[in-house]
Amino acid sequence: MQNPSTDDTHSAYYTAVSRADADLEEALGHVRAEEDAHRITPAEAAAERIELLERHLELCQRARIAHLGGTP
């Protein structure tokens, strides 16, 4: 038998990361659209992608700490 609190914790972590993944995909889509429409340069798009990915990693790390414990 599994520990329900562990399952709840892992489920909450999975939900948080899944939400962060969906938000990232949406944001990256907006960057692609802006670049495709030539409203931003490829370099600007790359810089925005880097910022989005770094923010995503931070969110995932915070979710891991909040839901699974540990240190950064």
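The protein chain carries 7 positive and 14 negative side chains, and the centres of these two sets lie 2 Å apart, where Lys and Arg count as positive, Asp and Glu as negative, and His and the chain ends are not counted; each charge is placed at NZ of Lys, CZ of Arg, CG of Asp or CD of Glu. This is a predicted model, in which local features need pLDDT of at least 70 and side-chain atom pairs count only at pLDDT 80 or more, while totals for chains, interfaces and linings use all residues. Residues are numbered from 1 along each chain as its sequence is written, and side-chain values use heavy atoms, with hydrogens and water left out.

The chain has two helices and zero strands, these being DSSP runs numbered from the N terminus (H or I, at least four residues, for helices; E, at least two, for strands). Taken along the principal axes, its C-alpha atoms fill a box of roughly 55 × 20 × 10 Å.

Of the 72 residues, 17% count as buried, meaning under 20% relative accessible area with a 1.4 Å probe and protein chains only.

Not counting residues up to four places away in sequence, L52 touches L24, A27, L28 and V31, contact being heavy atoms within 4.5 Å. H56 lies in helix 2 (residues 42-68) and counts as buried because its relative accessibility is 11%; leaving aside neighbours within four places in sequence, H56 is in contact with A20, D21 and L24.

Notes: Buried means under 20% relative accessible area, exposed over 50%, partly exposed in between (1.4 Å probe, protein chains only).
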